[in-house]
Amino acid sequence: RFGYATMLKVRARIVSDSSRSLSKAALIAVRYSAVRLQGPGIGDKEGPVLDYTQQQWQLFPIVASCYVLHFAGQEMRDNYTRLKDMLAQSAMGPADLAFLAEMHASTAGLKSYVARMAVEDIETCRKLLGGHGYSYFSGLPLLYGDNVAAYTYEGTPEVLQQQTGRYILKILQRAAAGQKIKGSFAYLAQDLTPNPACDFTSYSHLLQALQHRSRSACTELGTSLGAALAAGQDLGFAWNRHGPMISKACQSHCQYSVLRSFFASIDKYSTECSTETLGTLKTLGTLWALNIMFAEFGSFVAAGTLSPDSSPAIREAILSSLDALRPDVVGLIEAFQLPDEILATALGTSDGDYVTHLLEMAAKEPLNAQEVLGAYKDSLKPLMQLGRSRL
């Protein structure tokens, strides 16, 4: 049992570590974007790249992800502590065993989803820094290389999503048999109806939308797989054919679960936060949900969660969130308190003087110790001269 718990602990740790790594990338990208001038564009003069909507559209949701994943990781660590206490008992009751199965399914899904999202977002941060982002001196290539392995170790998404998918199908079967479902998968047993007047500025409405879309994806999987088996298909063949649907159901559940965890956490700490801080945190969660809805709009329409004509309203809500977060976005990512020493970057230092730091790091590069490398004189120059003599 403790060996099993160790596996769950590692998965929970990967979620937390991926969140922290993403925070490093976002900090570098936000700092550089705040001091890098580009133009003319806004007001016919150079301005910070951070003021451009295109930059905000890609970068601000990543800042939101840092906060959302931070609280999701915290909840997973709390659940692991609870599980460890249960495992220490001489005997485990039915409720304990049920929580163990739920933790296994949750950590499998979240590890696969978060590890992939973090790596993809780190790469987005690199791209947002332009040519300098490709340089080793930006710190992002090293950060990407250190984290891309998390996509694979402790289980690839293609494997882990099937573990979560099996648990989802078990929950649906138990619900169909009239059993009472508890825990984070309980919504799958509920009869959910979409909100025809979804308020895209309300975090509760957005949470309901992700919940409805997730339940629709899960029930669609259960219905389709059940029909295939009823038609006489072999279980292995049918399961393999439903791989894409399993992946879709797992991701939808993880997105809803992460958002639920985030909003539950800020509600928990609401008495300790100022009204302004609480409002900003809700805006971060709102933007994170809106970004998913806009990027995966077709799945929400197919599920009947949103109407086909609601895309412009989602886009405007995203733009409003970007405007609301712009004055605070630097402070929001600085709140993670990551020192320059662990960032290993010339672009995202706390003093904002990326030009000086680039020159300093370039001067320390061994290949730049001489203006002309010795290899040119010994190897390249003779070849060039030989070619000229033949002409």
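I began with Cys125, which I found buried, because its relative accessibility is 0% (buried meaning under 20% relative accessible area, exposed over 50%, and partly exposed in between, with a 1.4 Å probe and protein chains only). The model I am reading is predicted, so I note that local features need pLDDT of at least 70 and side-chain atom pairs count only at pLDDT 80 or more, while totals for chains, interfaces and linings use all residues. Residues are numbered from 1 along each chain as its sequence is written, and side-chain values use heavy atoms, with hydrogens and water left out.

**Cysteines.** I looked for disulfides, taken as pairs of cysteine sulfur atoms within 2.5 Å, and the count came to zero. Cys125 is in no disulfide, its nearest cysteine sulfur being that of Cys66 at 7.4 Å. For Cys218, the closest cysteine sulfur belongs to Cys250 and lies 8.6 Å away, which is too far for a bond; Cys218 is also buried, at 0% relative accessibility.

**Salt bridges.** Next I looked up salt bridges, each a side-chain nitrogen of Lys or Arg within 4 Å of a carboxyl oxygen of Asp or Glu, and found eight in the structure. Arg326 pairs with Asp51, with the closest N and O atoms 2.8 Å apart. This pair links distant parts of the chain, 275 residues apart, since Arg326 sits in the loop between helix 12 (311–325) and helix 13 (329–334), and Asp51 in the loop between strand 2 (47–48) and helix 2 (53–87). Helices (H or I, at least four residues) and strands (E, at least two) are DSSP runs, numbered from the N terminus. Arg326 is partly exposed at 22%, and Asp51 is partly exposed at 32%.

I then recorded the salt bridge between Arg260 and Glu75, at 3.2 Å from N to O. Because Arg260 lies in helix 9 (residues 243–268) and Glu75 in helix 2, the pair ties together parts that are 185 residues apart in sequence.

Glu220 and Lys248 meet in another salt bridge, at 3.8 Å from N to O. Here Glu220 is in helix 7 (residues 203–230) and Lys248 in helix 9, so parts 28 residues apart in sequence are tied together. I also noted that Arg31, Glu334 and Asp340 are joined into one network by salt bridges that share partners.

**Surface patch.** Last, I looked at Val372, Tyr376, Leu380 and Met384, which make a nonpolar surface patch of about 340 Å². Tyr376 is placed in helix 16 (residues 374–390) and counts as partly exposed, at 33% relative accessibility. Patches are made of residues with over 30% relative accessible area and no salt bridge, like charges being joined within 9 Å and nonpolar side chains (Val, Leu, Ile, Met, Phe, Trp, Tyr) within 5 Å; accessible areas come from the Shrake-Rupley method with a 1.4 Å probe, and for residues only the protein chains shown count as cover.
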